[in-house]
Amino acid sequence: MAVFDPFSPEAMAGRAKGAPQPMWVERVPVAVWVMAVVFLTMPAWAGTFWIFQVMGWSFILGMIALSLMFLAGYGGMVSLVQMTIAGLAGYMVAILGPTGTAAVSLGLPWYVYIPAAIVIAAAFGTLVGALAVRTDGIYTIMITLAIAAAFFYFTRQNYTIFNGYSGFNLVLPPALFGVDWRQPVPFYYLALGCAALCYGAVVYVARAPFGLALQGTRDNPRRMAALGFNVTAHRIFAYTFAGVIAALGGILLVWQNAQIAPGTAGLPAVFDILVIAVVGGMRRPEGAFIGAFIYVVLRTYSPDVLTAFGLSNERFKLLIGLGFLAIVFFSPDGVLGLWDRWRARARKRRDPLTGQPR
Amino acid sequence: MSMADTAAARLGSVSAGNALELRGVTKMFGALAAIADVTMTVRPGERRAVLGSNGAGKTTLFNCITGDFLPTSGTIRLFGEDVTAFPAHERIRRGLRRTYQISLLFTGLTVADNVYLACRGVSRARFSMLRPRRGDPLLIRAGELIEAVHLTPARDRLVSELSYGQQRQLEIALALAGAPRFILFDEPAAGLSPAERRELVAILTGLPTHIGFIIIEHDMDVALRVAESVTMMHNGRVFKEGMPAEIEEDAEVQALYLGDGSHAHG
Ligand SMILES: Nc1ncnc2c1ncn2[C@@H]1O[C@H](COP(=O)(O)OP(=O)(O)OP(=O)(O)O)[C@@H](O)[C@H]1O
Ligand SMILES: [Mg+2]
């Protein structure tokens, strides 16, 4: 089902029925197989720092950026509130579940606090969406940014629920199936699984009626209304869907760090998600993860490089900023856009009949 | 006709038996009355042509009927129900459809996706997260609509790659999706070749008889061939109503249409 494309020429012409069908495995591109094998075997040949810190963090930031990509790429709505939704989900896990800050945390069991965190965060996303979809372009950015800023200051000042400045520590994943999910290898697979799930969901939904309709409201809202679609309702529901993805990312983030504080969803983090999505490219869901990986690698290794050149390691932000500028300047549709153009050029250089390079 | 009447009767007590009923509809753009105090009724299944020179307010009239714009004053009833304050999608779900004078299509999607979206828009499960299966009735229905407007060879092409005439045909397919009861065609023949015009007339005259429509058309040939009644508009007002033959013979109309419109009715 997932690989059957109802809009492919074969399917639409009804040809798929008669002709001998390739097995679904044969229809998955080679690149996908290669990626799957690389990701699944990575703990066998990569170090624990790499799989836990670099890859784990990339998957998490990728998921949060993916929720922005879904809204911006398919819905045309640039929301700066996705990191805040992730932060709220993380906070809910800390507030409702057991943590080292026992005076504030409620210590409920995992089967209560995990679903509750996702539902609360998605509901918050829906609410923000209901406010934001009535605005356009720069105003959507401003209203979501204002909400993100308000959330940051609120968590910093509120001690009864959010424990203010210090936040929560020792926020650990439950030891389900007797596994310590914060060990590098289990955490790697957990993050990989969640990221793959979210990625697959976005790819699938993009071609389902809801996703098609969302892209319709992006390109042509007036015609969508004239076809009987409630444009506002579709946009708000897109925020709900994106909210669930961001919430999953937020829960993993709090487990990876084992703590959460106002800075987790502070304004720098909010902007980082935007930078990641733009650098990766918002046209396809892969972009979010590519952007996140680039960001994490720069963030992790640039301090070493900088100190080697005798510069302060605080300057890594300058590197990221310059990279952002370069991408926006040379390829407004991100690394993905660069890659697409390079592929198109490579294909053009081949002989159209034989497929051989000329 | 009888079919439409029973359908209208089934709608219940609100139905007054008219497909469309406008009372004193006015739309102001700043100080300009694009349409002023328009009153007209159209029976179910009736086919009406709206004529008028450029800027007469014909498209604005359509925009008010479909809810693209809310009128400044007046009431609009659709199949007996007051829809004046309804958003566009609620009116569409009650069987109203329209085409646009300037094609308003999803240029980044294929013909098949465009028509599928149109079929989805007036079905339930608009929010479905599940992809359609191969035998999905809506996919089959979309295929039939594409066939009906002779676009089957182009079904998998992107709309941006279609010829102008094909885009106009697709506009019509989108308006035929679902179970339309009343359709507004905004200059569907504009820019078409004589052969394409003949095809268009065939599509319009071939519509099931219970589907009424209003067609805006500058080409009298097309308009009078498909319509049973005519409304002439001028400067935002209804200027004349009648049978095609009456309108064709009317001296004032001829002055407006054949001569220079400006001195006919200041
Ligand atoms: N959105 C708008 N804002 C301001 N003025 C408008 C708008 N739409 C239409 N008008 C004005 O209203 C008047 C009627 O326009 P309308 O498009 O309804 O005319 P029309 O009869 O459809 O003309 P045509 O034959 O050229 O399509 C025109 O003077 C037009 O400039
Ligand atoms: Mg017009």
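Is B:Ser128 buried or exposed? B:Ser128 counts as buried, at 18% relative accessibility; buried means under 20% relative accessible area, exposed over 50%, and partly exposed in between (1.4 Å probe, protein chains only). Keep that serine in mind, as the tour comes back to it.

Before you click around: this is a predicted model, where local features need pLDDT of at least 70 and side-chain atom pairs count only at pLDDT 80 or more, while totals for chains, interfaces and linings use all residues. Residues are numbered from 1 along each chain as its sequence is written, chains are lettered from A and ligands numbered from 1 in the order in which they are written, and side-chain values use heavy atoms, with hydrogens and water left out.

**Stop 1: the magnesium ion**

Select ligand 2. This magnesium ion is coordinated by OG1 of B:Thr59 and OE1 of B:Gln101, at 1.9 to 2.1 Å. Those two residues sit 42 residues apart and link distant parts of the chain: B:Thr59 is in helix α2 (residues 58-66) of chain B, and B:Gln101 is in the loop between β6 (96-98) and α4 (111-121) of chain B. Helices (H or I, at least four residues) and strands (E, at least two) are DSSP runs, numbered from the N terminus. A donor here is an N, O or S atom within 2.8 Å of the metal (3.2 Å for Na, K and Ca), and water is not among the atoms, so sites may look incomplete.

Now colour the pair by accessibility. B:Thr59 is partly exposed at 25%, and B:Gln101 is partly exposed with a relative accessible area of 30%.

**Stop 2: ligand 1**

Next, select ligand 1 and show its shell. Of the 15 residues around it, B:Asn54, B:Lys58, B:Thr59, B:Thr60 and B:Gln101 come nearest; a residue is near a molecule or strand if one of its heavy atoms lies within 4 Å of it.

- B:Asn54 has a side-chain N or O atom 2.9 Å from an oxygen atom of ligand 1.
- B:His218 places a side-chain N or O atom 3.3 Å from an oxygen atom of ligand 1.
- B:Glu187 has a polar side-chain atom 3.5 Å from an oxygen atom of ligand 1.

Step back to see the ligand as a whole. On its own, ligand 1 has 630 Å² of accessible area, and the protein covers 63% of that; areas come from the Shrake-Rupley method with a 1.4 Å probe, and for residues only the protein chains shown count as cover. In chain B, β2 (32-42) and α2 are the elements that give two or more residues to the shell. Helix α2(B) provides the largest share, three residues.

**Stop 3: two residues with a positive phi**

Most residues other than glycine have a negative phi. Stay on B:Glu187, where phi is near 45 degrees. This glutamate is in the loop between β7 (182-186) and α7 (194-205) of chain B, and it is buried at 8% relative accessible area.

Then jump to A:Asn163, with a positive phi of about 55 degrees. Look for A:Asn163 in the loop between α8 (137-157) and β1 (168-169) of chain A. A:Asn163 is buried too, with a relative accessible area of 13%.

**Stop 4: back to the serine**

Return to B:Ser128, in the loop between α4 and α5 (137-148) of chain B. A polar atom of its side chain lies 3.1 Å from the backbone nitrogen of B:Leu130.

**Stop 5: cysteines**

Select B:Cys64, buried at 1% relative accessibility, and B:Cys119, buried at 3%. Over all chains, the structure holds zero disulfides, a disulfide being a pair of cysteine sulfur atoms within 2.5 Å.

**Last stop: a few buried residues**

In chain A, A:Ala277 is in helix α13 (residues 267-280) and is buried at 0% relative accessibility. A:Gly337 belongs to helix α16 (residues 334-349) of chain A, and its relative accessible area of 1% makes it buried. Finish in chain B with B:His234, in strand β9 (residues 229-234), which is buried at 10%.

Conventions:
A polar contact is a pair of N or O atoms within 3.5 Å; within protein, one must be able to donate a hydrogen and the other to accept it, and residues adjacent in sequence count only if both atoms are side-chain atoms.
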